Amino acid sequence: MKSMNFAFIVLLVLTASATALPGAGEYSMSDIIVRNLPAKKQNGSAWDPFGGAPDVLVAIYIDYGDEVEHYSSTSEKENSGSSAIWSRTESFFVSAGEANREDVELLIKVWDIDSRNGNDFIDSGKISFSDLETGEVELELNYGTVITFELEGPFTYDEGVCEG
Ligand SMILES: [Ca+2]
Ligand SMILES: [Ca+2]
């Protein structure tokens, strides 16, 4: 999909206002669902001891190219099977001028949370802001995990309202 967009880069620029994020502000991600989680680690062993299923958490970052910023994380879903669903809404912030930049990407990482010895990385993937639209987003990550969420925004706040 990315290479196709590259081939039609002229078209993409012409239609940027229709395909990229609408503008600066906070974006919400609701109804986050992961499906098709890998059954085992890349080395073939189970996610947790004694054949245990992963305790899944989705972390949301923005990759600016030279810097990665963590914005939000879902709660941990203990003993997830091949899928997990969250009702809580997560969010990230887009600054002015970034909404249609190809080099700024939404980065998703999926982890198996472990109480000791750190966490196990499950999957990750990213999509550039210029390819990201509001509405229902579906993204296939590098190892085949599929994440879907409802993207809404931008929400902006009056500076004068902020107290303190
Ligand atoms: Ca583990
Ligand atoms: Ca675990």
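A residue counts as buried here if 20 or more other C-beta atoms lie within 10 Å of its own. By that cut-off, buried residues make up 23% of the 164 residues in the protein chain. The model is a predicted one. Its secondary structure comes to three helices and nine strands. Among contacts between residues at least 6 apart in sequence, 62% join residues at least 24 apart.

**Four-stranded sheet**

- Four strands form an open sheet in the order β3-β2-β6-β7, and their pairing is antiparallel.
- The edges of this sheet are β3 (68-73) and β7 (120-128), each of which pairs on one side only.
- Neighbouring strands in the sheet are turned by 25° against each other on average, with direction ignored.
- Strands of a sheet pair through backbone hydrogen bonds, in a parallel or an antiparallel way.
- Strand β2 (residues 56-63) pairs with strand β6 (residues 105-112) over eight bridges, in the antiparallel sense.
- Within that pairing, leucine 57 stands opposite tryptophan 111 in β6.
- On the other pairing of β2, five bridges join it to β3, and the two run antiparallel.
- Tyrosine 61 has histidine 70 in β3 as its bridge partner.

**Strand β9 and its partners**

- Strand β9 (residues 146-155) pairs with strand β1 (residues 25-35) over seven bridges, in the antiparallel sense.
- Strand β8 (residues 135-140) is joined to β9 by six bridges, and this pair also runs antiparallel.
- Leucine 151 of β9 takes part in both pairings: methionine 29 stands opposite it, and it is the bridge partner of glycine 135.
- The hairpin of β8 and β9 has five residues between its strands.
- In that hairpin, glycine 144 takes a positive phi near 100°.
- Proline 154 is also found in β9.
- A cis peptide bond joins glycine 153 to proline 154, with omega about 0°.

**Nonpolar core**

- Nonpolar side chains tend to be buried together in soluble globular proteins.
- The largest nonpolar core of this model has 25 residues.
- The residues with the most contacts inside this core are Val34, Val56, Val58, Ile108, Val110 and Ile147.
- Strands β1, β2, β6 and β9 are the elements that give two or more residues to the core.
- Strand β2 supplies the largest share, five residues.
- Beyond its neighbours within four places in sequence, valine 110 is in contact with Val34, Val56, Val58, Ile122, Asp123, Ser124, Leu141 and Thr145.

- Most residues other than glycine have a negative phi, and most peptide bonds are trans.
- Aspartate 31 is not a glycine, yet its phi is positive, at about 50°.
- This aspartate 31 lies in strand β1.
- Aspartate 31 counts as exposed because it has 12 C-beta neighbours inside 10 Å, and the cut-off for exposed is 12 or fewer.
- Asparagine 79, also a residue other than glycine, has a positive phi near 50°.
- Asparagine 79 lies in the loop between β3 and β4 (84-85).
- Asparagine 79 has 12 C-beta neighbours inside 10 Å, so it counts as exposed.

**Arginine 101**

- Arginine 101 is found in the loop between β5 (90-94) and β6.
- Arginine 101 is partly exposed because 17 other C-beta atoms lie within 10 Å, a count in between the cut-offs for exposed and buried.
- Arginine 101 and leucine 21 are 80 residues apart in sequence, but their C-alpha atoms are 9.4 Å apart in space.
- Leaving aside neighbours within four places in sequence, arginine 101 is in contact with Phe129 and Ser130.

Notes
Residues are numbered from 1 along each chain as its sequence is written. Chains are lettered from A and ligands numbered from 1 in the order in which they are written. This is a predicted model: local features need pLDDT of at least 70, side-chain atom pairs count only at pLDDT 80 or more; totals for chains, interfaces and linings use all residues. Two strands pair if DSSP finds at least two bridges between them. Two residues are in contact if their C-beta atoms, placed from the backbone, lie within 7 Å. Axes are lines fitted to C-alpha atoms, for helices over the stretch in contact, and angles run from 0 to 180 degrees between N-to-C directions. A nonpolar core is a set of buried Ala, Val, Leu, Ile, Met, Phe, Trp, Tyr and Cys residues joined through C-beta atoms within 7 Å.
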